[in-house]
Amino acid sequence: MEVLKRLDQLELLVVTGKGGVGKSTVSAALGALLANRGRTVLLLEVDPRENLHLLLDTPPSGGEIVEAASNLWLQHLEPRKLLDDLVREKLKVGALVRKILSSPVHRHFTEGCPGLKETAVFGRALRMVEGHGPKKLRKPDVVILDAPASGHGIAWMAAPRLVAEVISSGPIGHLATEITTFLEDRDRFGSVVVTTAEEMPIQETIELLEAMEQRLDRRPELVVVNALYPSAPKPRRSDDEATRLWARRRAVNEEELARLTSIWDGPLAEVALEPIDAGPTLVGVVGEQLALDLRRT
Amino acid sequence: MDPRRHPLVIVVGGGGVGKTTLAAAIGLASAHAGDDTLVMTFDPSLRLKDALGVGDEAINEETPVASHTAGRLWASLLDARTTFDRLIHRYAPDEAAGQRILTNRFYDRLSGNLAGALEYMASERLFEVADEGLHDRVVLDTPPTRQAIDFLGAPERIVSFLDSGALRIALKPWFDDQGKLKATSRLGILGRNVESFLDRMVGLELLRDMAEFFQAFAPLFEGFRERALQVQDLLKSPRTLFILVSGPGSGRVADTLFFARRLTEAGYNLGPIVVNRVHPLLKPVHPATKTEGHRLLSWLGRRDHEGVAELRDLVGDSHPVVEIPLLPDEPTDLKSLSALGELFESRLDEELSGRGTPS
């Protein structure tokens, strides 16, 4: 119950995890869960390919904010566009804006400067929770960011600080500093780490938890262990290949889960593998499992 | 279509599909067949490093693996930053110029974080070892990207940046000896606007670092550009074969096809498509003993087999589709890695001889 109360209180929640662990499904399920608890939720997706709408049974938004379910909003962001918007906002003169935007210097600078895209995305999230959203959704209670799977999750959370250190003045520098302060605020910002109980994802999760502790002095609010195989029947000599494999996968899950819990004593949710393809039905089922688990913790 | 006939084999695919392990297994099989083989990989699991018997000493160094195979096996772990640094040492006109870049604050942040740096460095290293020609075969594992094609575009992006003229502007010395912004009339209206804009947006400090970086980097660019073009040629050469690895299940078929199409359309030589970690079909269970678990496992088996069938159907004869079953354990030693390599080769042989795999 404590975790749910904690999640209810936050304004920004970043969901991180390695590719292929079901991070988007968990993000959508968490979004639905908090929306059902009466929070107005905005789910932000930054992956180059738009996917979340498929999980929430809505048409692709084309970058617009859309309401996928009651209290549950969705938007697909392109960091490039956010940066261009920032130029428009600061310059205002049409001809100049066009020149800058078509300049290779600007293009390369925004592509190449590390941390800028992350800063732009967090900047958007911050503006939203501060009540500067568009008319149809002025102020969500909480923004859930489904962070891109590439690289370690820490890169996302550490980026604004990196930018703030390198760029100390000007609007981008100010924005980065503002976000850094926001991300340090335990009452406003939190994170959820999603993993499967397999060797590589658990290894990366352990490294991520250590890096968060050391570099950000933070722990995630919740670790979700997804896609667990069910307990296998007692082994028998007549078992076929598939049954033996099932037993072995379950054993690997248990070993890896034990490895995780030997260094993580914080909130943990276990989500079972379900015979359902990725989509709205799976999101619903995972949401129910999470809700049950979190009430128990 | 057969990696055993190509000196360069590049294993591509999305994150979490078992690409790295498969690349190592293919390399080991190649060494077993008597070819001197180098496996280059990113971020391998601890177990795979243990299986190969290599550690941090293999970062960007070709390290022999005690594989006792007919051909020697080497492993090298790729690291973007060290490769980048090495490149600068090679192309810098003198030691001092090299040091200026390596200690530049902008470079320091940039080299590890620059979009595409890791991808580019992988192809750069591939080119280096191909150029040296010390091995009969090189198997390259690629960084896990959602859009795995990004890896291939990296040399092209660098060339297009170098050709764009962005550098000519960036290279104009912006600052005088006192670190003050110089008069910029010769940059024209565009240069002035861009510069004053960047100044307002990010402040002079970063600009100063950037200008210094580009100035120090200038002598390197010609060599760098040449190199990027050569890498691009190498990737598209008929000597190079791509193996596309995908996860199981019909849900992945569209993604796999999309990527296969983009590869071939862009002129890369795509060989086998591997569907990895396919759940076996569960034998029917007596209803009395059937549990939720049984229902799940039969569903997974069916889902994965339908996925393979669907993919085979859509791919047709253009590429062999190789099905690799989910293994009870990830390979933890050379023996299990060899077994995986053998399995891959025998399944590929079945596909190539047109007999198809028994289901």
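Let me start with two helices of chain B, in what is a predicted model: the axes of helix α11, which covers residues 253-265, and helix α12, which covers residues 292-315, come within 10 Å and cross at roughly 30°. An angle under 35 degrees counts as roughly parallel, and therefore α11(B) and α12(B) are described as roughly parallel to each other. The crossing of these two helices, α11(B) and α12(B), is right-handed.

If you look for the residues that make this contact, you will find B:V253, B:T256 and B:L257 on the side of α11(B), while α12(B) contributes B:G307, B:E310, B:L311 and B:L314. Sorted by class, the contact of α11(B) with α12(B) holds 4 nonpolar residues, 2 polar ones and 1 charged one.

The crossing of α7(A) and α9(A) is left-handed, whereas the crossing of α11(B) and α12(B) was right-handed.

Which residues meet between α7(A) and α9(A)? From α7(A) they are A:T119, A:F122, A:G123 and A:L126, and from α9(A) they are A:L175, A:A176, A:E178, A:I179 and A:F182. By class, the residues of the contact between α7(A) and α9(A) divide into 6 nonpolar, 2 polar and 1 charged.

In chain A, the residue A:N71 has a positive phi of about 70°, although it is not a glycine, and you will find A:N71 in the loop between β3 (66-69) and β4 (72-76) of chain A. Is A:N71 buried, exposed or partly exposed? With 19 other C-beta atoms within 10 Å, A:N71 is partly exposed, because a residue needs 20 or more such atoms to count as buried.

In chain B, the residue to look at is B:H68, which has a positive phi of about 50° although it is not a glycine. B:H68 sits in the loop between β3 (63-65) and β4 (73-77) of chain B. B:H68 has 10 other C-beta atoms within 10 Å, and it is exposed, because a count of 12 or fewer is what defines an exposed residue.

For 297 residues, a compact globule would have a radius of gyration near 19 Å, and the 20 Å of chain A agrees with that. Taken along the principal axes, the C-alpha atoms of chain A fill a box of roughly 75 × 40 × 35 Å. Of the 297 residues in chain A, 45% are buried, and among the contacts in chain A with a separation of 6 or more, 72% are between residues 24 or more positions apart.

For chain B, the secondary structure comes to 13 helices and 8 strands, and 44% of its 359 residues count as buried. Among the contacts in chain B with a separation of 6 or more, residues 24 or more positions apart account for 73%.

Methods: Residues numbered from 1 in each chain as written. Chains lettered and ligands numbered in written order. Predicted model: local features only at pLDDT ≥ 70, side-chain atom pairs only at ≥ 80, totals over all residues. Rg over C-alpha atoms; globule rule 2.2 N^0.38 Å. Contact = placed C-beta atoms within 7 Å. Axes fitted to C-alpha atoms, helices over the stretch in contact; angles between N-to-C directions. Helix = DSSP H or I, 4+ residues; strand = E, 2+ residues; numbered from the N terminus. Parallel < 35°, antiparallel > 145°, perpendicular 65-115°, else oblique. Left-handed = near helix turned anticlockwise from the far one by under 90°. Nonpolar A, V, L, I, M, F, W, Y, C, P; charged D, E, K, R; others polar.
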